[in-house]
Amino acid sequence: MQVVSISSLKGGVGKTSVTTGLASAALAAGIPTLVVDLDPHADASTALGVSPDDQLDIGRMLRSPRRAHLADNVVPSGWVEHARINGRANGNANRTRQSGAATSVLDVAVGSAYTGIYDRPDLGRRDLRRLSTVLAGATNYELVLVDCPPSLNGLTRMAWSASDKVTLVAEPGLFSVAGTERTMRAIQLFRQEFAPNLSPAGIVANRVRSGSAEHTFRLSEMESMFGQLLLSPHIPEQANWQQIQGAAHSIHHWPGDSAKNAAGLFDALLQNLLHPNGVAPAGTVRNRSLR
Ligand SMILES: Nc1ncnc2c1ncn2[C@@H]1O[C@H](COP(=O)(O)OP(=O)(O)OP(=O)(O)O)[C@@H](O)[C@H]1O
Ligand SMILES: [Mg+2]
């Protein structure tokens, strides 16, 4: 199992959008995935179309991590049902069953304002381990994506403590690039003090406008600053992104060429994130037929 945090110092750069894009790619690839919505605003839970019943949200699980019983409290994303319906509508029922889509797993540890009590700058070592303790019960997943709030306070640091990798999201603009550099330094310091095995998985450039001279300049600046840590592909500004998120749909199940193109970019990004040297262990990409 790989635990990947999606973080940034700056707000609104696309952490939740990248988290959900990667989750969509993981669902399409048949990779059993859990999204942990650690942002008190719970945007990822909204976008993933969850309808909690009497499950505990992640804030309440963090309060008593040893008694959290993660498996009993995760909620399946509404996207799983869309994937089934889509598969049937496309006449893929048999193929889908054979390739494992009928048992595809995309669960959510649902966000809530309650997590806010941990978003303090002075969170102690014991509190930083709360998410790791909750995730000790995450035995059914190959991938855990943690959507972080836009700060380097307690919640983001708690996510880093529980993670193997941190992915940063940045828009190609001056303040965002500067914020990314500061966050990189914070990760290095955090590794030394708390998490020697944590590695920066890289930086996703989001909302890239291909015709913008400023974006072209900032992207080349990011390339020279961060080298191979700048992940490819970059994610372009997508005109219908808010509409897709508002409908609580996955990019892989939204009609039209632009969504199909964006879905392909997230497929490639997921592969590059999970297998930076280009080698996927045998059997990890299972389920191309869902698209
Ligand atoms: N590639 C994109 N193309 C178009 N719109 C985008 C793109 N990425 C993000 N957005 C939009 O930008 C806004 C901010 O995105 P998002 O919520 O993912 O950022 P965030 O970093 O998670 O924000 P916060 O810091 O508040 O958690 C949203 O309205 C989202 O729909
Ligand atoms: Mg967000």
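Let me start at P233, which sits in the loop between α11 (213–226) and α12. Helices here are DSSP runs of H or I with at least four residues, strands are runs of E with at least two, and both are numbered from the N terminus. The peptide bond leading from S232 into P233 is cis, and omega is near -5 degrees.

Before going on, the ground rules. This is a predicted model, where local features need pLDDT of at least 70, side-chain atom pairs count only at pLDDT 80 or more, and totals for chains, interfaces and linings use all residues. Residues are numbered from 1 along each chain as its sequence is written, chains are lettered from A and ligands numbered from 1 in the order in which they are written, and side-chain values use heavy atoms, with hydrogens and water left out.

Now the chain as a whole. The protein chain has 13 helices and seven strands. Of its 291 residues, 54% are buried. Buried means under 20% relative accessible area, exposed means over 50%, and partly exposed is in between, with a 1.4 Å probe and protein chains only. Taking contacts with a separation of 6 or more, 83% are between residues 24 or more positions apart; a contact means heavy atoms within 4.5 Å.

The largest nonpolar core has 43 residues, and L34, V36, L38, I58, L131, L135 and V146 have the most contacts inside it. Such a core is a set of buried Ala, Val, Leu, Ile, Met, Phe, Trp, Tyr and Cys residues joined through side-chain atoms within 4.5 Å. Helix α9 (residues 154–162) gives this core its largest share, five residues. Not counting residues up to four places away in sequence, L38 touches several residues, among them I58, L131, V146, L155 and A159. A second, separate core has 42 residues, including A26, L106, I244 and L269.

L269 brings us to helix α13. Helix α13 covers residues 257–274, and its 18 residues reach 26 Å from first C-alpha to last, close to the 26 Å expected at 1.5 Å a residue. That expected span is 1.5 Å times one less than the number of residues. The buried residues of α13 include A262, F266, L269, L270 and L273. An α-helix has 3.6 residues a turn, so residues three or four places apart point the same way. What do the buried residues of α13 pack against? They pack against β1 (2–7), α1 (15–29), β5 (143–147), β6 (165–170), β7 (199–205) and α12 (241–246).

On to the ligand. Ligand 1 is surrounded by 18 residues, the closest being K15, S17, R207, Q238 and Q245; the cut-off is a heavy atom within 4 Å. One nitrogen atom of ligand 1 is 2.8 Å from a backbone N or O atom of Q238. A polar side-chain atom of N206 is 3.0 Å from a nitrogen atom of the ligand. On the oxygen side, a polar backbone atom of G12 lies 2.9 Å from an oxygen atom of ligand 1. Taken alone, ligand 1 exposes 620 Å², and the protein buries 85% of that. Areas come from the Shrake-Rupley method with a 1.4 Å probe, and for residues only the protein chains shown count as cover.

A42 is not a glycine, yet its phi is positive, about 60 degrees. A42 lies in the loop between β2 (33–37) and α2 (43–47), and counts as buried because its relative accessible area is 11%. H69 is not a glycine either and has a positive phi of about 45 degrees. H69 is in the loop between α3 (58–63) and α4 (70–73). Is H69 buried or exposed? Exposed, because its relative accessible area is 54%.

Methods
A polar contact is a pair of N or O atoms within 3.5 Å; within protein, one must be able to donate a hydrogen and the other to accept it, and residues adjacent in sequence count only if both atoms are side-chain atoms.
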